[in-house]
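Visitor: Could we go through this model together, beginning with the overall fold and then the backbone?

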Amino acid sequence: MSLKDLDAAQFNELAERTRAQYEELKARNLNLNLTRGKPSAEQLGFSDALLSLPGADDYTDKTGADVRNYGNLDGIADIRELWAEALGVAPENVVAGDSSSLSIMFDLVSFAYIWGTNDSPRPWKDEETVKWICPVPGYDRHFTIVEHFGFEMIQVPMTPTGPDMDLVEELVKDPQVKGMWSVPIFGNPTGITYSAETIERLCAMETAAPDFRLIWDNAYAIHTLTDEFPDNPNVLEISAKHGNPNRFWYMSSTSKITHAGSGVAFFASSKENLDWYNSHAGVRGIGPNKVNQLAHARFFGDVDGLRAHMLKHSGSLAPKFEAVIGILKERLGEYNVAEWTEPTGGYFISLDVKDGSAKRVWELAKEAGITLTKAGASFPGGIDENDENIRLAPSLPPLDEVRTAMDGVATCVLLACIEAHEN
């Protein structure tokens, strides 16, 4: 059934009932928030032992170096080896930094813009134009970085197996296309994981730009909502096999694993790329917070400890995702007014509203005291030409608030689609 299948009497009855539900919703004076994908207080509490680590008498890494002092731009071996094992890459290909992988991504683009990459014929600032492939819907902060540098952002639609590779392979024939964003596992906001075929094509494709870079932001590499962890293909190895050893700038972090504002970020890439990065990063700073890196290494212990910790997150997050999807199915399923993803990991659910009503859903929710990420936020410049996508982030509020908010969102979706149908 869809709204179009209802006869006039049925449609009018649904419209009247939905408007009454919306007025009741507004009368509750709610103040609920489903915007950014922040860990909840419960999740942050899983890592409170970090606050007393590494301890007053524990300040040397496995090499015997004093982590309290300057130096070691690559980060300590203790955490680099642990994370490399978790990601399935070689430790020598991993640099451990401070808390934000987003900061490293900004640095990488900045360095390439000012000086060019190790494969660039000239700095990117001297190019007539720089174009960047942006799979949509995607991560808004990614888009903001390249927008900040004035790059031309080219939208490529996501499919159930990753970005539309036929279109990507066509776009990279342009020498001005210098890079592409990717969130390959449990992507933001769709929850989609790239297929093996998509990954192989990304590694093997011929690019006209010799300095094309694919930012592989594997932020949710181990963020399962079940008791099974996803595979992490070694894209550095696969790409090198195809003759493209420097293609990937591979990012990861503990930001939503331990304490979001004080974790450890990781940059994995070829030795040549890492040498290029350190040639600039070594001027910017003397070294990362190695005390914090040692604390994280002690906290996890090993990869098994890391995975055991992630299962705690799964236990906290999974009921919230189940609540969101269950309410959407129960309230909207029979009317065919929306579609949504059902991820098995990550932090987000992508909601597509029919009839180009996303902005109206956002407005109705705001009037009812429910704050959603702005419609279109998952698109470059915040412009969703179809006006259909809304990113849902259920991680932060308690479960009962998630249920209340989503019941309200469902009412807003139905009302917005009713209004569109009436017009």
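Guide: The conversation below moves from the whole chain to individual residues.

Guide: This is a predicted model, in which local features need pLDDT of at least 70, side-chain atom pairs count only at pLDDT 80 or more, and totals for chains, interfaces and linings use all residues. Residues are numbered from 1 along each chain as its sequence is written, and side-chain values use heavy atoms, with hydrogens and water left out.

Visitor: How many helices and strands are there in the protein chain?

Guide: The protein chain has 13 helices and 13 strands. These are DSSP runs numbered from the N terminus, with helices being H or I of at least four residues and strands being E of at least two.

Visitor: What share of the residues count as buried?

Guide: Of the 423 residues, 57% are buried. Buried means under 20% relative accessible area, exposed means over 50%, and partly exposed lies in between (1.4 Å probe, protein chains only).

Visitor: What share of the contacts joins residues 24 or more positions apart?

Guide: Such pairs make up 76% of the contacts with a separation of 6 or more, a contact being heavy atoms within 4.5 Å.

Visitor: Turning to the backbone, which peptide bonds are cis?

Guide: One of them runs from leucine 53 to proline 54, with omega near 0°. Proline 54 sits in the loop between helix H2 (41-45) and helix H3 (77-87). Another joins asparagine 188 to proline 189, with omega near 10°, and proline 189 belongs to the loop between strand E6 (177-182) and helix H7 (196-204).

Visitor: Where does asparagine 336 lie, and what is its phi?

Guide: Asparagine 336 is in the loop between helix H11 (303-332) and strand E10 (338-340). Its phi is positive, near 55°, in a residue other than glycine.

Visitor: Is asparagine 336 buried or partly exposed?

Guide: Asparagine 336 counts as partly exposed because its relative accessibility is 44%.

Visitor: What about aspartate 387?

Guide: Aspartate 387 is not a glycine, yet has a positive phi of about 45°. This residue lies in the loop between strand E12 (370-372) and strand E13 (389-392). With 17% relative accessibility, aspartate 387 counts as buried.
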